[in-house]
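Colleague: Let's go through this model together. I'll ask, you answer.

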Amino acid sequence: MSPDITIKITDRKGVMHEVQAPTDMNMNVMELIRMYELAEEGTVGVCGGMAMCASCQCYVLNDVPLPEKSPDEEAMLWEAYHVKENSRLGCQIQIKPEIDGLEVQLAPKQ
């Protein structure tokens with residue numbers, strides 16, 4: 001079984017990228033965006049993945065089972081701009097086999 005899954009990420013310019021995401025490195029979607037340089041440097045993961053800045057906010061575009069939002073994630077999204085019903089913080093979505101096929105779109109910069 002391959003430790004990689006496929007995730008589709010639409011960047012802030014509207015370009016969709018289909019990327020391979022390792023499930024064996026304890027990474028999250030925000031780190032994946034940074035790894036593939038899908039956003040301008042310094043615009044994603046400003047807080048380092050602590051759910052304290054919403055710079056990694058993305059919109060979940062398909063029905064993939066994700067964990068419930070933590071109270072910290074809920075609070076940060078409550079204060080963020082451009083929030084929609086399908087908003088999540090990329091730093092709070094762990095790369096696991098269960099999210100294979102996830103499709104997200106980066107929210108506009110804060």
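Colleague: Is Ala51 buried or exposed?

Modeller: This is a predicted model, where local features need pLDDT of at least 70, side-chain atom pairs count only at pLDDT 80 or more, and totals for chains, interfaces and linings use all residues. Residues are numbered from 1 along each chain as its sequence is written, and side-chain values use heavy atoms, with hydrogens and water left out. The relative accessible area of Ala51 is 9%. Buried means under 20%, exposed over 50%, partly exposed in between (1.4 Å probe, protein chains only), so Ala51 is buried.

Colleague: What is the phi of Ala51?

Modeller: Ala51 lies in the loop between H1 and S3. Helices (H or I, at least four residues) and strands (E, at least two) are DSSP runs, numbered from the N terminus. Ala51 is not a glycine, yet its phi is positive, at about 60°.

Colleague: And what is the phi of Ala54?

Modeller: Ala54 is also in the loop between H1 and S3. It is buried, because its relative accessible area is 3%. Its phi is positive in a residue other than glycine, near 65°.

Colleague: Which backbone oxygen does the side chain of Thr43 reach?

Modeller: Thr43 sits in the loop between helix H1 (29–35) and strand S3 (57–60). It counts as buried because its relative accessibility is 14%. Its side chain has a polar contact of 3.3 Å with the side chain of Arg12; such a contact is a pair of N or O atoms within 3.5 Å, and within protein one must be able to donate a hydrogen and the other to accept it, with residues adjacent in sequence counting only if both atoms are side-chain atoms. At 2.5 Å, the backbone oxygen reached is that of Glu40.

Colleague: Which side chain makes a polar contact with the side chain of Arg88?

Modeller: Arg88 belongs to strand S4 (residues 87–89). It is buried, because its relative accessible area is 7%. Its side chain reaches the backbone oxygen of Pro67 at 2.9 Å. The side-chain partner, at 2.8 Å, is Glu73.

Colleague: Over which ring does the charged end of Lys84 sit?

Modeller: A charge sits over a ring if NZ of Lys or CZ of Arg is within 6 Å of the ring centre and within 35 degrees of the ring normal. The charged end of Lys84 is 4.4 Å from the centre. The ring is that of Tyr59.
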